[in-house]
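Dear colleague,

Please find below the structure I am handing over to you. My findings follow directly after it.

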Amino acid sequence: MYSREASMITKRIPHGLMYEDFEPGRQFRHHWARTFNDADATAYSAMTLQYNPIYFSAPHAAAAGYDGIPVHPMFVFATTVGLSVEDLSEAGGPFLGVEDVIFQQAVFPGDTISAHSVVTSRRATESRPGWGVVEWHTRALNQRGEPVIEFRRRNLSRMRSIPQQVAS
């Protein structure tokens, strides 16, 4: 139960990296990996109303050329983003978008994916002092080292200190 006294003695421990930590070219090997199972795939498809039968019918998946029922690619995408959050965007800052998403091959229950990212660019914002835009390129590989997805994403990232404005 929450109490006012507890909130006064609780020490906030900051998590995540700041703008200055994202030097272009810096690489991150995200330490978590995720194994998908049948229940994951079925639950995701049901909850998101994915009525394409390749995501819940083995005969339909086989007729479409799959060796089994694939995990929905948007679930693979969301999981890959999730694997990268602790290293890249846990400190907060608005999500600015994702581009160039490439689904390279299907993921099936039993597959494990791991992700890695590289900082591709960063720049300070003019409209929001104390913040910058950071962009990363993220790839996920399956347990055989084969690429399954890649994309670029951007977030605002807080700076450690607000740069001084230059008077004109």
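I begin with Thr-138, which touches Thr-80, Leu-88, Ala-115, His-116, Ser-117, Ile-149, Glu-150 and Phe-151, leaving aside residues up to four places away in sequence; contact here means heavy atoms within 4.5 Å. Please note that this is a predicted model, in which local features need pLDDT of at least 70 and side-chain atom pairs count only at pLDDT 80 or more, while totals for chains, interfaces and linings use all residues. Residues are numbered from 1 along each chain as its sequence is written, and side-chain values use heavy atoms, with hydrogens and water left out.

Thr-138 has its place in strand E4; helices (H or I, at least four residues) and strands (E, at least two) are DSSP runs, numbered from the N terminus. With a relative accessible area of 0%, Thr-138 is buried (buried is under 20%, exposed over 50%, partly exposed in between, using a 1.4 Å probe and protein chains only). Its side chain makes a polar contact with the side chain of Ser-117 at 2.6 Å. A polar contact is a pair of N or O atoms within 3.5 Å; within protein, one must be able to donate a hydrogen and the other to accept it, and residues adjacent in sequence count only if both atoms are side-chain atoms.

Strand pairing

E4 (residues 131-141) pairs with E3 in the antiparallel sense over 10 bridges, where pairing requires that DSSP finds at least two bridges between two strands. E3 and E4 form a hairpin with six residues between them, and Gly-130 in the turn has a positive phi of about 90°. E3 (residues 112-124) also pairs with strand E1 (residues 27-35), in the antiparallel sense and over six bridges. Val-118 of E3 stands opposite Gln-27 and opposite His-137 in E4.

Nonpolar cores

A nonpolar core is a set of buried Ala, Val, Leu, Ile, Met, Phe, Trp, Tyr and Cys residues joined through side-chain atoms within 4.5 Å. The largest one has 16 residues, and those with the most contacts inside it are Phe-36, Val-71, Val-76, Val-107, Ile-113, Val-148 and Ile-149. Two or more residues each come from helix H2 (38-47), helix H4 (73-88), E3 and strand E5 (147-158). H4 gives the most, with five residues. A second, separate core of eight residues includes Phe-22, Leu-88, Val-119 and Met-159.

Salt bridges

The count comes to 11 salt bridges, each being a side-chain nitrogen of Lys or Arg within 4 Å of a carboxyl oxygen of Asp or Glu. Arg-160 and Glu-20 meet in one of these (3.6 Å, N to O). This pair links the segment after E5, which holds Arg-160, to the loop between helix H1 (4-9) and E1, which holds Glu-20, 140 residues apart. Glu-20 is partly exposed, at a relative accessible area of 31%.

Glu-99 forms a salt bridge with Arg-152, with the closest N and O atoms 2.5 Å apart. Because Glu-99 lies in strand E2 (residues 95-103) and Arg-152 in strand E5, the pair ties together parts that are 53 residues apart in sequence. Arg-152 also forms a salt bridge with Asp-100, the closest N and O atoms being 2.8 Å apart. Salt bridges that share partners join Glu-99, Asp-100, Glu-135, Arg-152 and Arg-154 into one network.

With kind regards
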